[in-house]
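Subject: Structure handover

Hi,

My notes on what turned up follow below.

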Amino acid sequence: MSLLSNKIYYSSVNEDSTSEYQALRIRPADRILCITGSGARPLDLLVKSPGEVVSIDCNPLQNFLLELKLAALKHFEYEEFLSFLGISNRRNRIAAYRKIRNLLSFDARQYWDRHQADIHYGIFYNGNWEKYFRLLSLYLRTTRKRILSMLFSSSSLEEQKNIWDTQWENPFWRIFLRSVSLRAVWKYFLKDPGFYKYVPDDFSVYRYLHGRLIGASRHILLKDSPFTVILFNGKLSETGALPPHLQKQHYATLQSQIDRITVKTVSLSSIANGGKYGKFDAFSLSDFSSYTSIREYRECWGAIRRIASTGARICERQFLVKREMPGHCKYVFTRNTGLEDNLSKNDNSIFYTFVCASME
Ligand SMILES: C[S@@+](CC[C@H](N)C(=O)[O-])C[C@H]1O[C@@H](n2cnc3c(N)ncnc32)[C@H](O)[C@@H]1O
């Protein structure tokens, strides 16, 4: 099944986990099933002290990345952790890696032993998505430096909206956005199937992104969103907006609960086979629909239905591929459309709509 297994596609943070907090209402005994991706979401969920997080991804490399982040979290103090990831400067990350490589699984160690250049560079910005958007942000930082800094130093939504409407939004911006929204660009440059493979032909990617960005300029202070800081500025600053798992105030909590995360390479559609992983009280599914055909999307929801405990909460994100919950699930899951609309408007990773449901 896996469309993605040849490289690390996501390594930093491009989702706002405060949405998952609202949708999943995490309780101390909860068992959470979570898609790994960059590892940001499973680590952010752990900040809320659930009983267990089972983090799955069909791309083993994403899981190797999470394993390395967990090993660093287990071994290093906070500042060392940030510098090992590449958020702050550090000279000898390879020496640091040697101190933690024995904490990795055999396969993860094999992989990272062969990819020490990525560790040297800093694993946080080494994903395919991060590299691509760093290029785009470099272009914006070069051509629109003054307006960009005005936008990211806005102190109010009113001020930001005014700068966006009167200075940012112009033919130059629209031409830029139209060109980076071309499917051919995503197919041959970004090479991430989630951005084109299942996106309907009649879906205007440009109009969708343009509309979501205008909406964000009115509802989200861009400087307070780790996602938009990376999107427009290419990287985070230690003193700026950080996701929960990178905030100093949560570090001790995370370190004390590391053993509550298990990492598995398995696809969502086969997670229920044989009941091997038991039942779950909450599901954080990211935008898996971006990588699934309609048939497989149904299979995934079928699997969720089989392993959801009574009262289980589901939070799914949808990017360009908008899918309907399969018919057979509509009788067992209740959607919270009010919450979905609220998260779609205020989630500071801008581009997602939500499916928030609970098992009756
Ligand atoms: C869009 S990405 C999530 C990235 C996310 N924004 C992040 O930064 O963590 C989706 C992730 O889900 C994984 N994935 C997609 N479909 C899956 C499936 N059916 N089962 C398991 N993992 C899946 C992909 O390998 C990818 O790592």
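How many bridges join strand β4 to strand β5, and in which direction do the two run? There are 4, and the strands, residues 280-284 and 308-318, run parallel. S284 stands opposite C315 in β5. Bear in mind that this is a predicted model.

The sheet

Both strands belong to an open sheet of 7 strands. The order is β3-β2-β1-β4-β5-β7-β6, with mixed pairing. On average, neighbouring strands are turned by 20 degrees against each other, direction ignored.

Helix α16, residues 294-307, packs on this sheet. The helix touches β1 (31-35), β4, β5, β6 and β7 (353-359). Its direction makes about 150 degrees with that of β5.

The cores

The largest nonpolar core has 99 residues. Which of them touch the most other members? F84, W112 and F232 do. Helix α3 (residues 60-75) gives the largest share, 9 residues. Domain 1 (17-126 + 244-359) and domain 2 (128-233) both contribute residues, so this core lies between them.

W112 is worth a look in the viewer. Leaving out residues up to four places away in sequence, W112 touches I8, F64, L65, L68, Y97, L104, D118, I119 and I123.

There is also a second, separate core, with 28 residues. Among them are I56, V266, C300 and I314.

Best wishes

Terms used. Residues numbered from 1 in each chain as written. Predicted model: local features only at pLDDT ≥ 70, side-chain atom pairs only at ≥ 80, totals over all residues. Heavy atoms only, no water. Pairing = 2+ DSSP bridges. Axes fitted to C-alpha atoms, helices over the stretch in contact; angles between N-to-C directions. Contact = heavy atoms within 4.5 Å. Core = buried A, V, L, I, M, F, W, Y, C linked by side-chain atoms within 4.5 Å. Buried < 20%, exposed > 50% of the residue type's maximum accessible area, 1.4 Å probe, protein only. Domains from an automatic or database assignment.
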